[in-house]
Structure formats: C-alpha cells, structure tokens
Amino acid sequence: HFLVTGTKQHKTPPRRHRIPFISLVFTIFAFATTGGYHGTTHIKVKCPDGEHNIEPTFGYPFRLPANPYHIEYCNGSQGNNTFLQGDFSSSAEFFVCVGVFGFLYCTATLILYLGYQHVYRQSARGPIVDLVVTAAFSFLWLVSSSAWGKGLTDVKWATNPEELAKMPLCDNCEPGEFPSMGRLNASVIFGFLNLILWASNCWFIFKETPFHKDPNPPATMEEGGAPGP
C-alpha cells in the first residue's frame with residue numbers, strides 16, 4: 001500500500017505480517033514439545049533384602065501399553081511383566097498434525113506476503129481463501145488443544161506413581177518420583193496461544209477482503225492538487 005502526500009510516498013507498515021511470523025514460532029513450539037517427549041515414572045518395591053526400583057517408560061504417541069515393565073517379587077520368584085494402561089495416541093497425533101500443517105501454511109503465507117504481494121492482491125480471491133483457511137486453522141487449534149489437554153490429564157493419571165503402586169500385582173510397592181510433565185504442559189499452553197494468534201489474524205485478513213469497507217481509503221492524488229474536470 002502507498003499513501004501519497006505531496007511529493008512523498010509512505011509505505012504502510014505490514015503489521016499483519018508479524019502475526020504469521022509469531023504464529024510460526026509458537027506452532028513449532030507446540031508440536032515439538034509434544035512430538036519428541038519421553039518420560040519415566042518410578043515405583044519402589046520394599047523388600048527385607050533391600051529396595052528395588054521399577055521405572056516404566058512412556059512417550060509420544062502415548063500408546064502406553066507398548067512399553068512393558070518388570071515387577072520383581074520379594075520372595076525371590078521370577079515376577080511378572082506388566083504394562084501401563086491407556087492409549088492416548090489419537091489426541092496427541094491430532095495435535096501434532098495440526099501443528100505441522102499450521103507450520104507449513106505459516107511458511108507459505110509468509111513467503112507470499114513478503115515476496116509475492118502483487119500476486120496475493122491481484123484479485124479478491126487471495127484474501128478470501130486466506131481468511132477461510134486461517135479461520136479453519138483457528139477452529140482446529142481449539143479442537144486439538146482441548147482434546148490434547150484432556151489426553152494429557154489422562155496420561156498424568158495413568159503414569160501417576162501413587163496409582164501404579166496400588167496394583168494388585170505389587171503388594172510391597174510404594175510411589176517414587178513423579179514423571180516430569182512440564183514440557184507437555186507447555187505444549188497445551190502453546191496450543192491455546194496459537195488459537196488466539198490465528199483467530200486474531202482473521203481480523204487483519206478480513207480487513208483486506210471485499211467484505212470489509214475501509215472507512216479511510218488511501219489518498220490517490222497529491223494534496224492540494226486541482227481536481228479533474
């Protein structure tokens with residue numbers, strides 16, 4: 001956009017371009033903090049001859065029964081293999097999928113905004129398509145973040161050492177250290193921050209569509225110039 005005043009031209013600052021850039025960064029944080037997670041929960045087995053530590057492991061995509069762990073008995077018997085309970089892969093993979101596709105779309109729109117602005121504004125179709133896709137991603141961030149927030153709550157319960165110590169197979173078990181979940185808590189926060197950013201960007205895109213009429217249209221002639229006949 002250019003505003004002509006006298007003989008000087010002033011370029012309108014591309015404020016809307018900053019939001020996709022921030023969304024790009026927050027989108028990376030959202031799926032990266034979820035996709036690469038690995039954690040360990042801890043149980044202690046108190047026996048007369050000493051203490052045994054059990055360390056069940058789990059991680060993305062949070063199909064908890066996929067990783068068995070061994071429980072030793074105090075009487076010297078072989079013990080049993082058991083599993084963490086619960087499959088929370090659907091909500092986790094959905095959240096990561098939205099993040100990855102959001103990252104790709106942010107990258108594409110930034111290239112379009114900064115390098116091919118003339119193509120974007122060549123017709124009204126560009127801003128309208130951008131508005132529809134951005135609104136769709138806002139909805140997807142809402143659904144995926146809510147689903148993953150619920151899934152994370154279930155993961156915390158399924159890996160809680162206090163709950164695992166109550167298993168019938170483990171008579172002498174006591175809870176140990178809780179698994180570190182700070183990274184996963186951050187992923188949910190980033191998910192809802194992305195919802196706010198993408199929804200906010202809808203307004204800036206809407207202002208560039210034919211559905212919005214600018215109350216202050218840019219000047220098209222020099223100030224003080226005589227009007228045409």
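These are my notebook entries on a predicted model.

**Ground rules.** I number residues from 1 along each chain as its sequence is written, and my side-chain values use heavy atoms, with hydrogens and water left out. As the model is predicted, I require pLDDT of at least 70 for local features and count side-chain atom pairs only at pLDDT 80 or more, while totals for chains, interfaces and linings use all residues.

**Entry: loop between β6 and β7.** The loop sits between β6 (57-59) and β7 (68-71), and proline 61 lies in it. The peptide bond joining tyrosine 60 and proline 61 is cis, with omega about 10°. Phenylalanine 62 is in this loop too, and I noted its positive phi, near 70°, in a residue other than glycine. Most peptide bonds are trans, and most residues other than glycine have a negative phi. For burial I use relative accessible area: buried is under 20%, exposed is over 50%, and partly exposed is in between (1.4 Å probe, protein chains only). Phenylalanine 62 counts as buried because its relative accessibility is 0%.

**Entry: salt bridges.** I searched the whole structure for a side-chain nitrogen of Lys or Arg within 4 Å of a carboxyl oxygen of Asp or Glu, and found 3 salt bridges.

- Arginine 63 and glutamate 93 meet through their side chains at 3.3 Å, N to O. This pair links distant parts of the chain, 30 residues apart: arginine 63 is in the loop between β6 and β7, and glutamate 93 is in helix α2. Arginine 63 is partly exposed at 38%, and glutamate 93 is partly exposed at 31%.
- Aspartate 154 and lysine 150 meet at 2.9 Å, N to O. Both lie in helix α4, 4 residues apart, about one turn of the helix. Aspartate 154 is partly exposed at 25%.
- Lysine 166 and glutamate 163 meet at 3.8 Å, N to O. I have lysine 166 as exposed at 59% and glutamate 163 as partly exposed at 30%.

**Entry: nonpolar patch.** I joined nonpolar side chains (Val, Leu, Ile, Met, Phe, Trp, Tyr) within 5 Å, using residues with over 30% relative accessible area and no salt bridge. Areas are Shrake-Rupley values with a 1.4 Å probe. One patch of about 470 Å² is made by Phe94, Phe139, Leu140, Leu142, Val143 and Phe192. Helix α4 (residues 125-158) gives the largest share, 4 residues. Phenylalanine 94 is in helix α2 (residues 89-115) and is partly exposed at 31%.

I then checked serine 144, which is in helix α4 and is buried at 0%. Leaving out residues up to four places away in sequence, serine 144 touches Phe94, Phe95 and Val98, with contact meaning heavy atoms within 4.5 Å.

**Entry: cysteines.** I looked for cysteine sulfur atoms within 2.5 Å of each other as disulfides, and the whole structure has 0. Cysteine 106 is buried at 2%, and cysteine 202 is buried at 14%.

**Entry: record against model.** The unreviewed UniProt entry annotates "transmembrane region" over residues 21-39, 92-116, 128-148 and 184-206. Such annotations may be inferred rather than shown by experiment, and their positions are in the numbering used here. Residues 128-148 are 100% helix and 0% strand, with end C-alpha atoms 30 Å apart. Residues 184-206 are also 100% helix and 0% strand, and there the end C-alpha atoms are 34 Å apart.

Conventions. Helices (H or I, at least four residues) and strands (E, at least two) are DSSP runs, numbered from the N terminus. Patches are made of residues with over 30% relative accessible area and no salt bridge: like charges are joined within 9 Å, nonpolar side chains (Val, Leu, Ile, Met, Phe, Trp, Tyr) within 5 Å.
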